[in-house]
Amino acid sequence: MNPTPLNQTGTTMAGTTRLSVRNIRKSFGTHEVLRGISLEARDGDVISLLGASGSGKSTFLRCINLLEIADHGEISVDGELIQMQQRGGKNVPSNRRQVDRIRSELGMVFQSFNLWSHMTILENVIEGPVHVLKRARAECIAEAEALLEKVGIAEKRHAYPAHLSGGQQQRAAIARSLAMKPKVMLFDEPTSALDPELVGEVLRVMRSLAEEGMTMLVVTHEMSFARNVSNRVIFMKSGEIDSDGTPDDLFGQGGSASFRQFIGNFGG
Amino acid sequence: MIGFGPTGWGGLLLVAALMTLCVTAVALLIGAILGSLVAWAKLSGSRILRTIGGTYTTVFRGVPELLIIYLVYFGGSSAVTAIGTAMGYEGFLGLPSFAAGALAVGIISGAYQAEVFRGAYLAIPKGELEAAQAIGMNRSLRFRRIIGPQVFRFAIPGIGNVWQLSLKDSALVSVTGLADLMRTSQVAAGSTRQHFLFFIVGGCLYLILTSFSDRIFTSAEKRANRSMPTSLGQA
């Protein structure tokens, strides 16, 4: 590992709060999906969000980069609060530019990959750095090729997404997010749309990211990942945090009765 | 008689075919502008805009083309005449028949293109738009990089179809006296009394135009679809 870098104020980066979410609430119609969720992710944290479908974990993740707008609550990325205001009785972001900038600092990996189908894999990966961050194209291409090498699909760089397997597409999508040099990576069930034999290759990439110290929030059903890779597990139930702790703690004695019942369904 | 000599109609027919091509091309362009505006209105969140867009497509797809051409030509001409009268000219001033024809066919083509563009937009997977938002693209960047190129790709077959329709609609413009392929065939047929011959020749020229442009659209479609799963192995 590299020596811990210093930020401008001279304090070490380790332990810096990368993401802070306070008291998020969200309803769809009369159905309250999130009932006051708070969470802090420190530099290098790998947090697995578990829960039955409908427990609100994906909605929670989508609220963080404002793909869904929470009705209530505060979100800060790397110490910067996302500005919100009330308009017509609804909570809306008050500064679109800030939202776009903060989104560019948060990597998002979707269940269904969502690569841009009219671009090759390489074009997908350089799209953000070149057009959002406005960096030099040649430099971005060099970095993108290194990233594609790292996720193991360098030879597919001139192929279109439709010509790749699901596992390859998801690894390309991870490379696309990494190309933005994000402060936090959000994973929304990254392996749920994959055939079982392709899950491993994606999990391996995620594991190596975790080992490099990337701050990650992972909505997943992969118990082995939650248990062996993450340093913190949050179990959500009906829009609330039911249990929160280290994997050893939760998978050991600390988990609530509902958590034990939940992992029981996975044969774990 | 259909030769290219001083007494032959060949040269005039070729010029007329070129005129038809020009009217249609300008009409397609006008239609593309109107069509994308109307498609945007129909997809917008505002009820008023949606109603306006819906009315446009209903009216201009539901009224005979010839009637629209008359409306634009005579409507436009009376507007021009009114302006002329106000400025001291007397008598009837006609709208240039090329402008009137291209505008009329463009308005009709716009109604069809709006539907093509709307369908193309709806064909873009929602997740790709979310990914664009999530990476921090603002609205104009999303449109330029993700929406625009994909709408274009999905729209090509439909636009090819509209082009074909417009090319044939442009024949109706001959009623305003524009020397397009239809009008010139008619004049040639009338003055030589070889009706059958010249209408057959005119028909063949239309067929050449349509089949030639069909080929162009097909190859454009193939090129744009190289990223689609069906093109596996064709690349």
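In chain A, 63% of the contacts with a separation of 6 or more are between residues 24 or more positions apart, where contact means heavy atoms within 4.5 Å. Before I go on, the ground rules. This is a predicted model, in which local features need pLDDT of at least 70 and side-chain atom pairs count only at pLDDT 80 or more, while totals for chains, interfaces and linings use all residues. Residues are numbered from 1 along each chain as its sequence is written, chains are lettered from A and ligands numbered from 1 in the order in which they are written, and side-chain values use heavy atoms, with hydrogens and water left out.

Back to chain A. A compact globule of 268 residues would have a radius of gyration near 18 Å, and chain A has 19 Å, which agrees. That radius is taken over C-alpha atoms, and the globule rule is 2.2 Å times the number of residues to the power 0.38. The C-alpha trace of chain A spans about 50 × 45 × 45 Å along its principal axes. Buried residues make up 54% of the 268 in chain A; buried means under 20% relative accessible area, exposed over 50%, and partly exposed in between, with a 1.4 Å probe and protein chains only. Chain A exposes about 11800 Å², and carbon and sulfur atoms supply 48% of that area. Accessible areas come from the Shrake-Rupley method with a 1.4 Å probe, and for residues only the protein chains shown count as cover.

Now secondary structure. Chain A has 9 helices and 12 strands. These are DSSP runs numbered from the N terminus: helices are H or I with at least four residues, strands are E with at least two.

Take strand β9 of chain A, residues 184–188. How many of its residues are buried? The count is 5 of the 5, so β9(A) is largely enclosed by the rest of the structure. Val184(A), Leu186(A) and Asp188(A) point one way, Met185(A) and Phe187(A) the other.

What does β9(A) pair with? Strand β8 of chain A, residues 106–109, pairs with β9(A) in the parallel sense over 4 bridges, and two strands count as paired if DSSP finds at least two bridges between them. Met108(A) has Leu186(A) as its bridge partner in β9(A). Strand β10 of chain A, residues 216–219, also pairs with β9(A) in the parallel sense, over 4 bridges. There, Phe187(A) stands opposite Val218(A).

Strand β1 (residues 17–28) is joined to β2(A) by 9 bridges, with Ile24(A) opposite Ile37(A).

Next, the rings. There are 7 aromatic pairs over all chains. Rings of Phe, Tyr and Trp (its six-membered ring) pair if their centres lie within 6.5 Å; planes under 30 degrees apart count as stacked, over 60 as edge-to-face and the rest as tilted. Phe235(A) and Phe259(A) are an edge-to-face pair, 5.3 Å centre to centre with 65° between the planes. The two sit 24 residues apart, Phe235(A) in strand β11 (residues 232–237) and Phe259(A) in helix α9 (residues 257–264). Both Phe235(A) and Phe259(A) are buried. Together with Phe251(A) and Phe262(A), they form one aromatic cluster.

Last, two single residues. Where is His221(A)? His221(A) lies in the loop between β10 and α7 (223–228) of chain A, and at 25% relative accessibility it counts as partly exposed. Its C-alpha atom is 8.0 Å from that of Gly51(A), 170 residues away along the chain. Beyond its neighbours within four places in sequence, His221(A) contacts Gly51(A), Lys57(A), Glu189(A), Ser192(A) and Phe266(A).

In chain B, Ser77(B) is in helix α3, residues 65–86. Ser77(B) is buried, with a relative accessible area of 0%.
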